[in-house]
Amino acid sequence: MAEITGRIHSIETGGMVDGPGLRFVVFLQGCPLRCLYCHNPDTWNRSGGREMASGEIVAEAAKYRTWMEASGGGITLTGGEPLYQPGFTLDIIRRAHGAGLTVALDTSGFAPLGKAKECLDEADLILLDIKATSPLLHKKVTGVDQGLVWETLDYLESIGKPLWIRHVVVPGLTDGEEHLSSLLKVVKSLSCLEKLELLPFHKMGEDKWREEGIPYSLTDTPVPAESFMSELRERFSREGIPL
Ligand code: SF4
């Protein structure tokens, strides 16, 4: 089978936060969103990064099979937005399965279903980043409309795909009561949800924005208080949400 080449930003081995166990994390290049708190603005440009073939990536990942298998880990495709290169992403997933490795797909869900469907079908786990729950807030946080994200979520629910949802809590932006109640309602309605990760905003990506020459608008935004985050997690947990 002919290999598909695509563009990647970088690879990290031994990741422990993007899915279960130890992960071989591939950051794909290119993202159509412009999240205000993005840690990786250097992945935005679709023609940046470097070219790599799908088989090459899986062969590299397979070198770490022992610790991936021992820890219940696998490959994570993230970015950037992996569904921005759907053919490449799909070929990596298929080749990984051929090599006996599992794949988690970390996505914003902002991709036309027609192209994304096969990737969503074949990935073993989806990590879906829900950035906001109202159209206005979504546009403000990400620069794009929300419709495709809900379509992706509905599709994942319809096929019962193992799902982790991630949400970044940003003071003054995504920590309001109306928004958080609405998020709770969304996650409560999902039967395929295995885990919700409520992540506190941090500014570790700020330097990269400067290096890229892009104005960063959250310099004066504080990180959320630890007490706020733990109360929030307790609230979601009391409602039966797996955290
Ligand atoms: S979807 Fe991810 S990579 Fe893209 S802008 Fe948002 S945080 Fe950054």
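The request and the reply follow.

Biologist: Where does Gly109 lie, and which residues in H4 and H6 meet?

Modeller: This is a predicted model, in which local features need pLDDT of at least 70, side-chain atom pairs count only at pLDDT 80 or more, and totals for chains, interfaces and linings use all residues. Residues are numbered from 1 along each chain as its sequence is written.

Gly109 is placed in the loop between strand S5 (103-107) and helix H4. Helices (H or I, at least four residues) and strands (E, at least two) are DSSP runs, numbered from the N terminus. Gly109 counts as buried because it has 24 C-beta neighbours inside 10 Å. A residue is buried if 20 or more other C-beta atoms lie within 10 Å of its own, exposed if 12 or fewer, and partly exposed in between, with C-beta atoms placed from the backbone. Apart from neighbours within four places in sequence, Gly109 is in contact with Leu128, Leu148, Val149, Thr152 and Leu153. Two residues are in contact if their C-beta atoms, placed from the backbone, lie within 7 Å. Gln146 is 37 residues from Gly109 along the chain, and their C-alpha atoms are separated by 9.1 Å.

The helices come next. Two packed helices are described by the angle between their axes and the distance between the axes. The axes of H4 (residues 113-122) and H6 (residues 147-159) come within 11 Å and cross at roughly 40°. H4 is therefore oblique to H6. Axes are lines fitted to C-alpha atoms, for helices over the stretch in contact, and angles run from 0 to 180 degrees between N-to-C directions. Angles under 35 degrees count as roughly parallel, over 145 as roughly antiparallel, 65 to 115 as roughly perpendicular and the rest as oblique.

H4 passes H6 in a right-handed crossing. A crossing is left-handed if the near helix is turned anticlockwise from the far one by less than a right angle, and right-handed if clockwise. On the H4 side, Leu113, Ala116, Lys117, Leu120 and Asp121 take part, and they meet Glu151, Thr152, Tyr155, Leu156 and Ile159 in H6. The residues of this contact of H4 with H6 comprise six nonpolar, one polar and three charged. Here Ala, Val, Leu, Ile, Met, Phe, Trp, Tyr, Cys and Pro count as nonpolar, Asp, Glu, Lys and Arg as charged, and the others, Gly among them, as polar. Thr152 belongs to the H6 side of the helix contact, and Thr152 is also one of the residues that Gly109 touches.

The axes of H1 (residues 54-62) and H3 (residues 86-98) come within 9 Å and cross at roughly 40°, so H1 and H3 are oblique to each other. Their crossing is right-handed. Ser54, Gly55, Ile57, Val58 and Ala61 in H1 meet Phe88, Asp91, Ile92, Arg95 and Ala96 in H3. The residues of the contact of H1 with H3 divide into six nonpolar, two polar and two charged.

Gly240, in the segment after H9, is exposed, with 8 other C-beta atoms within 10 Å, whereas Gly109 is buried. The phi of Gly240 is positive, near 90°.
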